[in-house]
Amino acid sequence: MTYTDNDSSAAHDKRSLLYPLMAITLALAWILWPFFGAVFWGCSIALLSAPLNRWLLRRYGFRRTPAVVLIVVVLPFVLMTLSPAREAPGIYLRVQPGELNPTQYLRHVFNALLTQGTQFMATRPCA
């Protein structure tokens with residue numbers, strides 16, 4: 001096989017596209033770095049919920065709306081409802097002997113809000 005100008009220009013074209021592609025990739029990584037955690041968890045959740053999404057799509061005749069509503073609305077609502085329900089017995093067991101005092105905690109929160117609100121109103125001129 002002989003070396004021709006066509007081979008040289010093809011290699012040059014590939015290299016000339018490779019450098020800007022690398023630069024754009026690095027720039028994108030630099031921009032997305034602060035959001036790495038959110039992007040990582042979003043991709044993880046998407047990968048983990050993909051089989052459920054496919055199953056729901058088959059179950060509902062490939063209509064996307066019921067599948068999306070179940071995954072995006074109902075599933076998080078159920079999980080957020082179950083979490084406090086699981087914690088309630090532990091809180092009850094801490095309140096009974098007096099280890100946890102909700103009245104004192106709420107009084108603390110109320111006093112802190114009152115102090116902050118008073119300071120905020122003192123710094124704002126009344127019109």
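## Basis of the description

Helices are DSSP runs of H or I with at least four residues, and they are numbered from the N terminus. In these terms, R124 lies in the segment that follows helix α4 (102-123). The model discussed here is predicted.

## Overall architecture

The protein chain contains four helices and zero strands. Read from the N terminus, its elements follow the order α-α-α-α. The chain is more spread out than a compact globule, because its radius of gyration is 29 Å, well over the 14 Å given by the globule rule for 127 residues. Along the principal axes, the C-alpha trace spans about 90 × 55 × 40 Å.

## Surface and charge

Of the 127 residues in the protein chain, 5% are buried. The chain exposes about 11700 Å², and 71% of this area is supplied by carbon and sulfur atoms.

Among the side chains, 11 are positive and 5 are negative. The centres of these two sets lie 21 Å apart.

## Helix α2

Helix α2 comprises residues 36-59, a total of 24 residues. From its first C-alpha to its last it reaches 34 Å, close to the 34 Å expected at 1.5 Å a residue.

## Helix α3 and V73

Helix α3 (residues 64-95) contains V73. This helix has 32 residues, and the distance from its first C-alpha to its last is 46 Å, close to the 46 Å expected at 1.5 Å a residue. A kink of about 35 degrees in α3 is centred on L70.

V73 has a relative accessibility of 49% and therefore counts as partly exposed, since the exposed class requires over 50%. V73 and A23 are 50 residues apart along the chain, and their C-alpha atoms are separated by 39 Å.

## The segment after α4

R124, in the segment after α4, has a relative accessible area of 46%, so this residue is partly exposed. The C-alpha atoms of R124 and T103 are separated by 32 Å, with the two residues 21 places apart along the chain.

Terms used:
Residues are numbered from 1 along each chain as its sequence is written. This is a predicted model: local features need pLDDT of at least 70, side-chain atom pairs count only at pLDDT 80 or more; totals for chains, interfaces and linings use all residues. Side-chain values use heavy atoms; hydrogens and water are left out. Helices (H or I, at least four residues) and strands (E, at least two) are DSSP runs, numbered from the N terminus. The radius of gyration is taken over C-alpha atoms; the globule rule is 2.2 Å times the number of residues to the power 0.38. Buried means under 20% relative accessible area, exposed over 50%, partly exposed in between (1.4 Å probe, protein chains only). Accessible areas come from the Shrake-Rupley method with a 1.4 Å probe; for residues, only the protein chains shown count as cover. Lys and Arg count as positive and Asp and Glu as negative; His and the chain ends are not counted. The place of a charge is taken as NZ of Lys, CZ of Arg, CG of Asp or CD of Glu. The expected span of a helix is 1.5 Å times one less than its number of residues. The bend at a residue is the angle between axes fitted to the seven residues ending there and the seven starting there.
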